[in-house]
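Thanks for making the time this morning. I would like to take you through one model, and I will keep to what can be read from its coordinates.

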Amino acid sequence: MEVVQMLATHSLLVKAFLGFLVGGLIIPFVTSQNPLGFRKASFFYTMIFQGLTTMIAFAGLVAVFTGNLGWTMTTIIMIIVWAVMMYIEIKKYKVIKIANLENAETHKVIKSAFVKISLVQILLVTLMVVLMILKAKGIVSF
Ligand code: HEM
């Protein structure tokens, strides 16, 4: 596969991931009366999250090596953003897994944390997309 194709795949996966993050926001709302449903949905959510992020990193890394693109500042920022998102997601998953969701107050706090974490992740991906657009337009150059 050409580097150009690999990067096009990377770009497409990032957009699919953004759509997934936005769509995932409905989980705490549709399961608001159903703590166990929330836990189950959250499990599948994290699984798909990990799958998509792994594909994004794979496509990105293959492009870096096969295209001899080197470690530019934007690529390093992407890797940091990637690691931060993975870290937050795994932490969130562990908390949801062990929390006593039958307790209405705990369920409420965790639902709100789920939404806030999703919003942070959406913001990170959006900023990354904007940064890459600015780079492509030559407005930022690093
Ligand atoms: C290990 C992780 C990653 C690696 C190695 C990687 C690598 C790359 C490389 C080499 C490029 C091309 C750079 C250029 O054209 O100057 C690129 C483009 C891009 N990456 Fe990543 N990336 C990674 C993760 C991410 C993540 C997590 C996001 C989103 C948060 C992201 C968003 C983008 C975007 C929006 C572009 C521009 C695509 C386009 O031209 O349409 N990347 N990435």
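I will start with the overall chain, then turn to one pair of helices, and finish with the surroundings of the ligand.

Please keep in mind throughout that this is a predicted model. The protein chain has 5 helices and 0 strands, so that is simply the pattern α-α-α-α-α when you read along the sequence. Its C-alpha atoms fill a box of roughly 55 × 30 × 20 Å along the principal axes, and of the 142 residues, 19% are buried.

Now, how do α3 and α4 pack against each other? Helix α3, residues 35-66, and helix α4, residues 73-98, have axes 11 Å apart and meet at an angle of about 160°, and because angles over 145 degrees count as roughly antiparallel, that is how we describe this pair. The crossing of α3 past α4 is left-handed. On the α3 side the contact includes Phe49, Ala57 and Gly60, while α4 contributes, among others, Met78, Trp82 and Tyr93. By class, this contact has 9 nonpolar, 5 polar and 2 charged residues.

That brings me to the ligand, which is surrounded by 24 residues, the closest being Ser11, Ala57, Gly60, Met78 and Met132. The elements giving two or more residues to this shell are α1 (3-24), α3, α4 and α5 (104-136). Which classes make up the shell? There are 18 nonpolar and 6 polar residues, and no charged ones.

Definitions and conventions. Residues are numbered from 1 along each chain as its sequence is written. This is a predicted model: local features need pLDDT of at least 70, side-chain atom pairs count only at pLDDT 80 or more; totals for chains, interfaces and linings use all residues. Axes are lines fitted to C-alpha atoms, for helices over the stretch in contact, and angles run from 0 to 180 degrees between N-to-C directions. Helices (H or I, at least four residues) and strands (E, at least two) are DSSP runs, numbered from the N terminus. Angles under 35 degrees count as roughly parallel, over 145 as roughly antiparallel, 65 to 115 as roughly perpendicular and the rest as oblique. A crossing is left-handed if the near helix is turned anticlockwise from the far one by less than a right angle, and right-handed if clockwise. Two residues are in contact if their C-beta atoms, placed from the backbone, lie within 7 Å. Ala, Val, Leu, Ile, Met, Phe, Trp, Tyr, Cys and Pro count as nonpolar, Asp, Glu, Lys and Arg as charged, and the others, Gly among them, as polar. A residue is near a molecule or strand if its C-beta atom, placed from the backbone, lies within 6 Å of it. A residue is buried if 20 or more other C-beta atoms lie within 10 Å of its own, exposed if 12 or fewer, and partly exposed in between; C-beta atoms are placed from the backbone.
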